[in-house]
Amino acid sequence: MAHTRSPAHDHHHGHAGPHEHSHGSASPHPAQVAPWSILRMTVPARLAAALAVSACLWGVVWLAMR
């Protein structure tokens, strides 16, 4: 028996239409200015930050093993 599809067959998955919020404003939210961004950091600054985070995490490990 072959399976045939009717063009009138509708797959409804629970979405009633466009996603809407009830914030009371029709315009989208304005972009927030980030105080800092890792994407705007220079490569040496990124490496320094990564080393600082790594050192802090190793400090936590060292304290936990005492």
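Predicted model: local features only at pLDDT ≥ 70, side-chain atom pairs only at ≥ 80, totals over all residues.

Reader: How many helices and strands does the protein have?

Author: Helix α1 runs over residues 43–65. The count for the protein is one helix and zero strands.

Reader: Of the residues of α1, what number is buried?

Author: A residue is buried when its relative accessible area is under 20%. Of the 66 residues of the protein, 2% count as buried. Helix α1 lies largely in the open, because the number buried among its 23 residues is zero.

Reader: What share of the accessible surface of the protein belongs to carbon and sulfur atoms?

Author: The accessible surface comes to about 7100 Å². The part that belongs to carbon and sulfur atoms is 66%.

Reader: Which residues form a nonpolar patch on the surface?

Author: The patch has about 400 Å² of accessible area in total. One of its members, Ile-38, lies in the segment before α1 and counts as partly exposed at 49% relative accessibility. The residues that form the patch are Trp-36, Ile-38 and Leu-39.

Reader: To which residue does the backbone oxygen 3.3 Å from a polar atom of the side chain of Arg-46 belong?

Author: Arg-46 is found in helix α1 and is partly exposed, with a relative accessible area of 34%. Neighbours within four places in sequence aside, Arg-46 is in contact with Ile-38, Leu-39 and Met-41. The backbone oxygen that lies 3.3 Å from the polar side-chain atom of Arg-46 is that of Met-41.

How values were computed
Residues numbered from 1 in each chain as written. Heavy atoms only, no water. Helix = DSSP H or I, 4+ residues; strand = E, 2+ residues; numbered from the N terminus. Expected span 1.5 Å × (residues − 1). Buried < 20%, exposed > 50% of the residue type's maximum accessible area, 1.4 Å probe, protein only. Areas by Shrake-Rupley, 256 points an atom, 1.4 Å probe, with all protein chains shown as cover. Patch = residues over 30% accessible without salt bridge, like charges linked within 9 Å, V, L, I, M, F, W, Y side chains within 5 Å. Salt bridge = Lys/Arg side-chain N within 4 Å of Asp/Glu carboxyl O. Contact = heavy atoms within 4.5 Å. Polar contact = N/O pair within 3.5 Å; in protein donor to acceptor, adjacent residues only side chain to side chain.
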